[in-house]
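Subject: The structure we talked about

Hi there,

Here is the structure I promised to pass on, with my notes below it. Please have it open while you read.

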Amino acid sequence: MLFVENNNRDPYQNHALEEWLMDHVDQDCFMLWRNEKAILLGKNQNAYSEINMPYAMENGIKIVRRITGGGTVFTDEGNVMFTFISCNGRKDFSDFLMFTKPVLHALHRMGIPAEFTGRNDLTIDGKKFSGNAQSRYKDKLLHHGTLMYAANTEELAKALNVREIKLKSKGVSSVKSRVTNISDYLTDKMDIEEFRRKMFYMVMEEIPGAEFFRLTPKQWQEVRQRALEGHATKEWIYGSNPSFDIRRETKLTGGIVEVFLNIEKGKISQARIYGDFFGDGDIREVEQHLSGVFYEKEAIRNVLAEFAAGTYFGAIGSEELTTAFISI
């Protein structure tokens, strides 16, 4: 496994770097990195539903869209991000625990009682400090996650429009009450860069045959160009968010599904699907198949049966998924 040196703080370039590594490096990779202040959207999420836009704009918070599913993440310079890239993409998809184990072991060695909980979280005393997400890219798998070390939880709460439906499902009353920082649990205090270095070498000790990898100036220029032409564009970040006749939001076992539908003469003329579910397929394919379908239970369920419980919506089955589109 290659251990990638990355001291860059630009979030668009950091996410472009993950893709560059998958395109150009034919070995498994690990990377620890940090962002400037940013909000990271999951690939299927609606930016305007997830983010307090006026606050983000006024406070210079960059908005970034990932290529992975899952929920929205606020990062600042009190966060460390980690990335695993596996060449075994088909085999390892959805195995979140496998990728987080080396991270958990390193934290345990520092005396942090961290554990893997739910579908994609790392927690301490029931409070979340890390969310994880995955995506297949070509024949490889990208797994990345956050490590809240000394993040500004007050700003996190102001920047995100965390849904009431999600808070109720977790049995808590506010965003701040369900997150925590790793630094609060350390006996031996250290700054975030010392923590990042310590984590890097501890994870490295877990992996046989680990090697350092450093990009050349020319390779970094390729990463910056990729970021400029892709990740930093408004088209990629915001996508198409038109007005719709019907908006439904449902908390399902595999995540939140948010549906926008235009209806003409009883048929769906346009559909948009957002959410923090973990899917690997292009959700636009589902939206296209719904176009022209009558807005009634059986017709919608028949279409969704082709896409549910697998590549597009993770563990969500067709019967449950149908309830996100129409009351039954």
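Which helices and strands each supply at least two residues of the lining of the second largest pocket? They are strand E9, helix H10 (234-238), strand E14 and helix H11.

Before the details, a word on the source. This is a predicted model, in which local features need pLDDT of at least 70 and side-chain atom pairs count only at pLDDT 80 or more, while totals for chains, interfaces and linings use all residues. Residues are numbered from 1 along each chain as its sequence is written, and side-chain values use heavy atoms, with hydrogens and water left out. Helices (H or I, at least four residues) and strands (E, at least two) are DSSP runs, numbered from the N terminus.

**The pocket**

The second largest pocket holds about 610 Å³ of space. Among its 24 lining residues, Lys43, Trp236, Asp282, Ile283 and Arg284 are the closest to the centre. The lining is made up of seven nonpolar, seven polar and ten charged residues. In these classes, Ala, Val, Leu, Ile, Met, Phe, Trp, Tyr, Cys and Pro count as nonpolar, Asp, Glu, Lys and Arg as charged, and the others, Gly among them, as polar. A pocket here is an open set of points on a 1 Å grid over the protein atoms alone, where a 1.4 Å probe fits, with protein on both sides within 12 Å along at least five of seven lines; lining residues have an atom within 4 Å of a point. Points are joined across faces, edges and corners, and the volume is the space filled by probe spheres set on them.

**Two helix pairs**

H11 (residues 283-290) also pairs with H12 (residues 297-304): their axes come within 10 Å and cross at roughly 145°. Val286, His289 and Leu290 in H11 meet Ile300, Val303 and Leu304 in H12, where contact means heavy atoms within 4.5 Å. That contact has five nonpolar residues, one polar and no charged.

The axes of H1 (residues 11-24) and H9 (residues 217-231) come within 8 Å and cross at roughly 115°. On the H1 side, the residues include Tyr12, Trp20 and His24, and on the H9 side they include Trp220, Arg224 and His231. By class, this contact has seven nonpolar, five polar and five charged residues. Axes are lines fitted to C-alpha atoms, for helices over the stretch in contact, and angles run from 0 to 180 degrees between N-to-C directions.

**Single residues to look at**

Most residues other than glycine have a negative phi. Aspartate 125, in the loop between strands E8 (121-124) and E9 (127-137), has a positive phi near 55°. Lysine 265, in the loop between E13 (255-264) and E14 (267-275), has a positive phi near 50°. Aspartate 125 counts as exposed because its relative accessibility is 59%, and lysine 265 is exposed at 84%. The cut-offs are under 20% relative accessible area for buried, over 50% for exposed, and partly exposed in between (1.4 Å probe, protein chains only).

Threonine 75, in strand E5 (residues 73-75), counts as buried because its relative accessibility is 1%.

Alanine 151 sits in the loop between E10 (140-148) and H6 (153-159) and is buried, with a relative accessible area of 8%.

Best wishes
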